Amino acid sequence: MQRIIKFFLTILITHCVFQLMAQDPLRFSKDIEEMKSEKLKSTDGLIIFTGSSSIRMWKDVAERFPDYNIVNRGFGGSQMSDLLYFLDDIVIRSKPCQV
């Protein structure tokens, strides 16, 4: 019984520590609003590239894949938790066939 209690306490403490360490995803609100207002030429065969600055700074991603419908949705120094926070706004609503 003590092993189970220790296990759940460990999980709880770990979860709390990660929550305290997480940064506020709203720091990307301006970038996300710009992405949401962006008009897509088509959603047919849409491929969304997303991630942190390594994707955001890839300015010619669409030119590198000219036969595909590519949209770059990278933002700042984002982490996976930031992407999950904005997932509906910048990925799901566009109904891509690949991410």
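## A buried serine

Ser-94 is buried, with a relative accessible area of 9%; buried means under 20% with a 1.4 Å probe, counting protein chains only. This is a predicted model, in which local features need pLDDT of at least 70, side-chain atom pairs count only at pLDDT 80 or more, and totals for chains, interfaces and linings use all residues. Residues are numbered from 1 along each chain as its sequence is written, and side-chain values use heavy atoms, with hydrogens and water left out.

You will find Ser-94 in the segment after α5 (helices are DSSP runs of H or I with at least four residues, strands are E runs with at least two, and both are numbered from the N terminus). Leaving aside neighbours within four places in sequence, Ser-94 is in contact with Leu-40, Thr-43, Leu-46, Ile-48 and Arg-73, where contact means heavy atoms within 4.5 Å.

## The nonpolar cores

Now look at the largest nonpolar core, which has eleven residues, including Phe-28, Leu-46, Ile-48, Phe-75 and Val-91. Such a core is a set of buried Ala, Val, Leu, Ile, Met, Phe, Trp, Tyr and Cys residues joined through side-chain atoms within 4.5 Å. At least two of its residues come from each of α2 (29–37), β1 (46–49) and α5 (80–90), and α5 gives the most, with three. A second, separate core has five residues, among them Ile-47, Ile-55, Val-61 and Ile-70.

In soluble globular proteins, nonpolar side chains tend to be buried together.

Notes: Buried means under 20% relative accessible area, exposed over 50%, partly exposed in between (1.4 Å probe, protein chains only).
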